[in-house]
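Work through the exercises below with the sequence and the coordinates open. Each task is followed by a worked solution.

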Amino acid sequence: MALVTGASSGIGEATARALAAEGAAVALVARRRDRLEQAAESIRSAGGTALAVEADITDAASAQAAVAGTVNALGGLDTLVNNAGLMLLGPFGEAPPEEWDRMLAVNVQGLLYVTQAAQPHLVSAAENGSRRVADIVNISSTAGRVAGIGNAVYSATKFGVVALTEALRKELLPQRVRVGVVEPGTVDTELTTHVRAEIQQAVARQIEGMEKLLPEDIAEAVAYIVTRDRRVAVNEMLVRAGAQTW
């Protein structure tokens with residue numbers, strides 16, 4: 001029984017599909033109801049179990065309600081994938097502070113709200129469920145390992161995700177809740193469409209000619225982590241595009 005945030009497109013949607021293909025009942029959580037319903041129906045049409053949950057995880061009450069609704073509908077929760085994220089790039093000195101606020105709200109606060117709400121259910125699943133283990137997988141970025149020009153605040157949020165992952169790994173280890181992080185490189189998603197037009201042009205020049213990763217490549221990494229035997233904990237996976245140098 002899995003909950004995936006940011007599941008209306010890209011890595012989140014691909015991850016929900018991958019987990020459903022492994023036999024998980026999946027709750028797809030995001031703000032775009034129409035896209036969620038389409039993805040969930042597609043999973044159900046393929047024989048899987050999927051639930052569309054409209055929620056704004058930057059609001060604590062909405063995040064908590066999404067987790068509670070998932071548990072009520074699916075009967076529990078043993079896998080959480082914190083994928084929802086926002087990448088707004090550009091020189092630090094020229095960046096509108098509201099962009100920082102939006103990234104912090106989605107990339108950090110939203111992750112915290114969902115994870116805290118899910119934690120007791122994950123602990124219970126690890127203790128009482130058939131798998132005898134539960135999983136949290138946080139989606140960070142190569143920017144959570146190497147900070148660069150134009151991504152100062154985005155990197156700050158993603159370095160924070162990596163630090164949180166390691167702290168939670170140690171904290172939840174006695175309860176057999178595995179905590180891992182996946183750090184994708186350049187992936188063909190909607191992520192870069194949120195940046196300002198002039199920044200989009202700079203990003204396009206940087207990755208021109210590169211064969212980007214597909215969302216399914218990252219989904220496979222997540223599925224690998226959560227399907228290991230309980231004796232195995234894969235705590236970190238770095239997945240770059242083959243031609244990526246940063």
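This is a predicted model: local features need pLDDT of at least 70, side-chain atom pairs count only at pLDDT 80 or more; totals for chains, interfaces and linings use all residues.

**Exercise 1.** Find where Glu 190 and Arg 32 lie in the chain, and how their side chains meet.

Solution. Step 1: the two side chains form a salt bridge, with 3.3 Å from N to O. Step 2: Glu 190 sits in the loop between β6 (177–184) and α6 (197–206), and Arg 32 in the loop between β2 (25–30) and α2 (33–45). The pair links distant parts of the chain, 158 residues apart.

**Exercise 2.** Determine which parts of the chain the salt bridge between Asp 188 and Lys 212 ties together.

Solution. Step 1: the closest N and O atoms of this pair are 3.7 Å apart. Step 2: Asp 188 belongs to the loop between β6 and α6, while Lys 212 belongs to the loop between α6 and α7 (215–226), so the bridge joins parts 24 residues apart in sequence. Step 3: Asp 188 is partly exposed at 43%, and Lys 212 is partly exposed at 31%.

**Exercise 3.** Describe the lining of the second largest pocket.

Solution. Step 1: the pocket holds about 240 Å³ of space. Step 2: its lining has 16 residues, and among those nearest the centre are Glu 22 and Arg 131. Step 3: the lining divides into 6 nonpolar, 3 polar and 7 charged residues. Step 4: Arg 131 also belongs to a salt-bridge network with Asp 78, Asp 135 and Arg 178.

How values were computed: Residues are numbered from 1 along each chain as its sequence is written. Side-chain values use heavy atoms; hydrogens and water are left out. On a 1 Å grid over the protein atoms alone, a cavity is a set of points where a 1.4 Å probe fits but cannot get out, and a pocket is an open set with protein on both sides within 12 Å along at least five of seven lines; lining residues have an atom within 4 Å of a point. Grid points are joined across faces, edges and corners, and a volume is the space filled by probe spheres set on the points. Ala, Val, Leu, Ile, Met, Phe, Trp, Tyr, Cys and Pro count as nonpolar, Asp, Glu, Lys and Arg as charged, and the others, Gly among them, as polar. A salt bridge is a side-chain nitrogen of Lys or Arg within 4 Å of a carboxyl oxygen of Asp or Glu. Helices (H or I, at least four residues) and strands (E, at least two) are DSSP runs, numbered from the N terminus. Buried means under 20% relative accessible area, exposed over 50%, partly exposed in between (1.4 Å probe, protein chains only).
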